[in-house]
There are 2 protein chains.
Amino acid sequence: MLCGEYSFQLYCADVHKAPAAPPPRPLPPQRPPVLTLPFLSLRLSVSAVKILFPRLQSDLSQISFELVAECPETGARAGLLHTPHGAIETPVFMPVGTHAAVKGLSQRDLAEDLGVKILLANTYHLFLRPGHELIRKMGGLHRFMSWPNAILTDSGGFQVFSLSGLRKITDEGVIFQSHLDGDLHTFTPESTVDVQLAFGSDICMVLDECPEYPVTHEYARQSMHRTVRWAQQADRHHRMRMSESATRHALFPIVQGSMFPDLRAVCARSLVDLDSDGYAVGGLSVGEPRALSLEMVEATRDILPRQKPRYAMGVGMPKELPEYVARGIDMMDCVLPSRNARNGYLFTSEGRLIVKHARYKDDERPIDEKCQCYTCRRYSRSYLRHLFLSGEILYSSLATRHNVRRYLDIMCEIRHAIISFTFPEYLKCVRSASLDAE
Amino acid sequence: MLCGEYSFQLYCADVHKAPAAPPPRPLPPQRPPVLTLPFLSLRLSVSAVKILFPRLQSDLSQISFELVAECPETGARAGLLHTPHGAIETPVFMPVGTHAAVKGLSQRDLAEDLGVKILLANTYHLFLRPGHELIRKMGGLHRFMSWPNAILTDSGGFQVFSLSGLRKITDEGVIFQSHLDGDLHTFTPESTVDVQLAFGSDICMVLDECPEYPVTHEYARQSMHRTVRWAQQADRHHRMRMSESATRHALFPIVQGSMFPDLRAVCARSLVDLDSDGYAVGGLSVGEPRALSLEMVEATRDILPRQKPRYAMGVGMPKELPEYVARGIDMMDCVLPSRNARNGYLFTSEGRLIVKHARYKDDERPIDEKCQCYTCRRYSRSYLRHLFLSGEILYSSLATRHNVRRYLDIMCEIRHAIISFTFPEYLKCVRSASLDAE
């Protein structure tokens, strides 16, 4: 038995023993008239069901996506993503827990205090240490890290392709050298699905090739076609595994094509044929100008199916979050809130705060007076600056807690704006505030 | 205004504005017959008063010590130490927050989860960074670090005397070089009192000379006399400051004398003349054999006044805690639980656990099945080992939380044993378990 609380153990156990789930409910056809009032009653009924039948949530052991509202002007969407570990309000930001831990934050900090419903863990790192077989033996990643909510794992592709010099790409997959001990390993489209199923991830990602920036059109074309072939192989393998499995785990393929809209369109069209549970836009944040990242998302927005969740991988800065949502994105992840926190960069509703600056030496105010996180309710800038300069690990955990909360607050604002049909005004407001700050 | 919660601000503000408190209540004469039943009713009435008149606690702006029970065989004592920031059940272990933070633990982890009532902060470190004047400006250490309970600060002597080569002792005090920037500073008996009053410490310590081990009898004698003179100067200065102050802060002198019982006895007798609020036994844990540390505590147990709290500085290992208590000690502090935690050494009711050992790779059990700390309720040895090997800071905070809880649990067991008159059996049990473990 794991050391988690009894109720949590039961909850996990139920999920893992759940019978094969029915296929996702049929969704409305593409581009119907924009939802107006009905979403309100839908939301109420979802809440009512949750209150009246709390067990239903864990019995819904499948991924399905429910559109709750859509901005008629931008196409920004608010939805509900149902997973075997709870429903997630979208658009959603997923904090990154590379080694099965968001740096410095406990399960309670994340799930109870911050209300995180889904987090991301890195397949590459967990495959190398502690290894997927150990995680399987420990009852999956949820039990291993004592995490009650949903988990998305990447395929490891991005990390492997960052190991330039330590990896070799073939049509079968990628051979790479562990950064820990130099051992050689191979990831294939099939093996990364199996690794992620050993983790028990609610959402798995296909192995993709993520080219660096810039690359030639020809290289990007070949690479994109390889990514599509890998996605097809991964999809077949995943369907076979799911047909044998009592539990349900989604698989999202990833649109690539470097910074070439034509290649991205070809890629997306091929992936749509797979009728996957959701789609990701990858190959962003690899050094390209920010405008180009947004353009690449736009290049496939009308190709990716409206009724499936769309995930922009590895983005972005706070002011960019609504920009992605304005381009039809429902899910995002990024190490920025946690990494910047540790490095002394704090995000506030008024812009960025560099905690080591002497001006905060005797500043009794919280990081952000509008923030309700534990750090802001309890500690001053002055104290946090002192902890930062003293190299105290408490600083990292308090700062990360704040920065993650800031991201979640932004997502909350965005969702609220979409649902209340004020998203275009909200976006305008964010854009002018960003201009002011520059 | 600081960012703490409103109720906490009010609480602090009240304490700092409280009128000069009446002198400590007279205590029973030395060595009366051992308390039997009356302590029970006393405890009940203290609790009842707390429930009925919660404000009374903060109005009691003085340090006083109340004996609740005493072991007739060993002289081990259970008491209540009243401070302007709450009453503390003794014997008590004080976690160390060197830079105004116990490494990796938030105020909530410490005060709410672990129930810590008093912690120790280091004057040397806080004097250098962020500086006592800044802390005074920020409303004192309690407000600065958002800590609602009591604080004891050392005098900085121990740290300064550890800076061999970077300090020079004179009869006036000690000149030392900052380990941060090489600047020269001076600590005198008077200045360290002022620094600690700027912190607003509930319990201040006098500047003492802490000789290394071993030293000659002659050096120890001279050094001890210097410590006594400094204590007399500090005491005069502190009484003068208290006569001007609206708040009350205790000052404990420190018994020195290296490992020479005769010198310790002379020192203690001189310090008793000061009629201080409490007494510390210093100069321990400087490299001497453990038996000698205990012998040095014994050397002054019958000299130090029974009705005052006694504090053994910088001790000890879990199995040593009851040994100090058996020698009349009421307060202890040590970096061991937090430092060992970070280094992978976890204390359990069954002995020490070295978390990196391969045997814990797939161990689903908590660190200690008998422990109720957050870490043990939530996480497995397997997961903690993974976090440790991955260098995750979450490991440090979870491990520290456990180790501190282990120390507090031991103190709780000790107190319970004293109150229920089973302390000799408890001590016997701990000793035989220690022998088994060796």
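Modeller: Let us start with P130(A), which lies in the loop between α5 (123-128) and α6 of chain A. Please keep in mind throughout that this is a predicted model.

Colleague: What joins R129(A) and P130(A)?

Modeller: R129(A) and P130(A) are joined by a cis peptide bond, with omega at about 10°.

Colleague: And over in chain B, what kind of peptide bond joins Y213(B) and P214(B)?

Modeller: That bond is cis, with an omega of about -5°, and P214(B) sits in the loop between β10 (203-205) and α10 of chain B.

Colleague: What about S285(A), is its phi positive or negative?

Modeller: Phi of S285(A) is positive, near 55°, in a residue other than glycine, and S285(A) is placed in the loop between β13 (279-281) and α12 (290-301) of chain A.

Colleague: Back to α10(B) then. How do the axes of α10 and α11 of chain B cross?

Modeller: The axes of α10 (residues 217-244) and α11 (residues 261-272) of chain B come within 10 Å and cross at roughly 10°. Because angles under 35 degrees count as roughly parallel, α10(B) is described as roughly parallel to α11(B).

Colleague: Which residues meet there?

Modeller: From α10(B) the contact uses H217(B), A220(B), R221(B), M224(B), H225(B), V228(B) and A231(B), and these meet D262(B), L263(B), V266(B), C267(B), S270(B) and L271(B) of α11(B). By type, the residues of this contact divide into 8 nonpolar, 3 polar and 2 charged.

Colleague: Changing topic, how many salt bridges does the structure hold over all chains?

Modeller: Over all chains there are 57 salt bridges. One within chain A pairs R415(A) with E89(A), whose closest N and O atoms are 3.7 Å apart. This pair links distant parts of the chain, since R415(A) belongs to helix α17 and E89(A) to strand β3 (residues 86-90) of chain A, 326 residues apart.

Colleague: And how many salt bridges are found across the interface of chain A and chain B?

Modeller: The rule finds 9 salt bridges across that interface, and in one salt bridge the side chains of K103(A) and E392(B) meet at 2.6 Å, N to O. The interface also has 22 residue pairs in polar contact, both residues being at pLDDT 80 or more.

Colleague: Which helices of chain A supply at least two residues each to the side that touches chain B?

Modeller: Those are α4 (107-113), α6 (132-137), α7 (141-144), α15 (374-378), α16 (381-389) and α17 (393-419) of chain A. The residues on that side of chain A divide into 22 nonpolar, 12 polar and 17 charged.

Colleague: Last one: what area is buried between the two chains?

Modeller: About 4,600 Å² is buried between chain A and chain B, with carbon and sulfur atoms giving 51% of it, and the contact takes 51 residues from chain A and 51 residues from chain B.

Definitions and conventions:
Residues are numbered from 1 along each chain as its sequence is written. Chains are lettered from A and ligands numbered from 1 in the order in which they are written. This is a predicted model: local features need pLDDT of at least 70, side-chain atom pairs count only at pLDDT 80 or more; totals for chains, interfaces and linings use all residues. Side-chain values use heavy atoms; hydrogens and water are left out. Contact means heavy atoms within 4.5 Å. Buried area is the accessible area (1.4 Å probe) that two parts lose on being put together, summed over both. A salt bridge is a side-chain nitrogen of Lys or Arg within 4 Å of a carboxyl oxygen of Asp or Glu. A polar contact is a pair of N or O atoms within 3.5 Å; within protein, one must be able to donate a hydrogen and the other to accept it, and residues adjacent in sequence count only if both atoms are side-chain atoms. Helices (H or I, at least four residues) and strands (E, at least two) are DSSP runs, numbered from the N terminus. Ala, Val, Leu, Ile, Met, Phe, Trp, Tyr, Cys and Pro count as nonpolar, Asp, Glu, Lys and Arg as charged, and the others, Gly among them, as polar. Axes are lines fitted to C-alpha atoms, for helices over the stretch in contact, and angles run from 0 to 180 degrees between N-to-C directions. Angles under 35 degrees count as roughly parallel, over 145 as roughly antiparallel, 65 to 115 as roughly perpendicular and the rest as oblique.
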